[in-house]
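Notebook open, structure loaded. I want to go through some strand pairing, a couple of loop residues and the aromatic rings.

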Amino acid sequence: MKYFAFICIVISGIMIISCSTNEPNYQEPVWTNAHSTFINERFAEEEEIRIRLFLNQKQSWDAKETGTGLRYWIYEDHEGDTVQPYDVVDVRFEIRLLTDSLIYKTDKNEVSTFKVDRSDVESGVMEGIKYLSEGDKAKFIIPSHIGHGLLGDFHNIPPLEVLVVDIELVKIH
């Protein structure tokens, strides 16, 4: 009987100790604008490094940089008026990633038509097309924030990818 009483006391003690309220003080993590800013700055720095490494391999390209980070190189320049906002343009293009993977391409006899600043075309293309005259051919390097951004295009362009666009401005309407 003493043995049974001893076991009951030990089990009761274990239960009391295990039911104590010494729970860890868990707090929900707090996400701040500073965290988001830090992550975006690091990502932008890494993306800039990738673009510069790419351009180091393309030393014949005389690429100019805009305030948004767009790089453009007009390798076949024609005289004439440049594209203005709301112009309708016909273009031929080829879109690749920095890895040189082909994403989209118009057929040789096909053109893509869109209204400048009023369509679903990447803002980087909209910015770059305004440097071109009819007949010009250019290459644009479009950082992800003026390309397809965080989501990609849900088809061929992955999220957060830099695009290399080879474009020919066929006609300004």
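Predicted model: local features only at pLDDT ≥ 70, side-chain atom pairs only at ≥ 80, totals over all residues.

Which residue in β4 is the bridge partner of isoleucine 95? I looked it up and found tyrosine 104.

**Entry 1: β3 and its partners**

I stayed with β3 and listed its pairings. With β4, residues 102-105, β3 pairs in the antiparallel sense over three bridges. The two strands make a hairpin with four residues between them, and there I found aspartate 100 with a positive phi near 75 degrees.

Next I checked β5, residues 112-115. Strand β3, which covers residues 88-97, pairs with β5 over four bridges, again in the antiparallel sense. Here I noted valine 91 standing opposite serine 112 of β5.

Then came β7, residues 163-172. I read off nine bridges joining β7 to β3, and the two run antiparallel. For phenylalanine 93, the bridge partner in β7 is isoleucine 167.

**Entry 2: glutamate 122**

I went looking for glutamate 122 and found it in the loop between β5 and α3, the latter spanning 123-129. Is glutamate 122 buried or exposed? It is buried, yet I found no salt bridge for it. The nearest side chain of opposite charge belongs to lysine 130, and that is 13 Å away.

So what does the side chain of glutamate 122 join up with in a polar contact? I got histidine 148, with 2.7 Å between the two side chains.

**Entry 3: serine 133**

Serine 133 sits in the loop between α3 and β6, where β6 is 137-142. I have its relative accessible area as 5%, so serine 133 goes down as buried. Which residues is it in contact with, once neighbours within four places in sequence are left aside? I wrote down His78, Glu79, Gly80, Asp81, Thr82 and Leu169.

**Entry 4: aromatic rings**

How many aromatic pairs are there? I counted four. One of them is tryptophan 61 with tryptophan 73, which is stacked, at 5.5 Å centre to centre and 25 degrees between the planes. This pair links distant parts of the chain: tryptophan 61 is in the loop between α2 (33-57) and β1 (64-65), tryptophan 73 is in strand β2 (residues 71-76), and they are 12 residues apart. I checked burial for both. Tryptophan 61 has a relative accessible area of 15%, so I put it down as buried. Tryptophan 73 comes out at 17%, so it counts as buried too.

Another pair I looked at is tyrosine 72 with tyrosine 131, stacked at 4.1 Å centre to centre, with 15 degrees between the planes. Tyrosine 72 lies in strand β2 and tyrosine 131 in the loop between α3 and β6, so the pair ties together parts that are 59 residues apart in sequence. On accessibility, tyrosine 72 is buried at 12%, whereas tyrosine 131, at 33%, counts as partly exposed.

Methods. Residues numbered from 1 in each chain as written. Heavy atoms only, no water. Pairing = 2+ DSSP bridges. Buried < 20%, exposed > 50% of the residue type's maximum accessible area, 1.4 Å probe, protein only. Lys, Arg positive; Asp, Glu negative; His and termini not counted. Salt bridge = Lys/Arg side-chain N within 4 Å of Asp/Glu carboxyl O. Polar contact = N/O pair within 3.5 Å; in protein donor to acceptor, adjacent residues only side chain to side chain. Contact = heavy atoms within 4.5 Å. Phe/Tyr/Trp six-rings, centres within 6.5 Å; stacked < 30°, edge-to-face > 60°.
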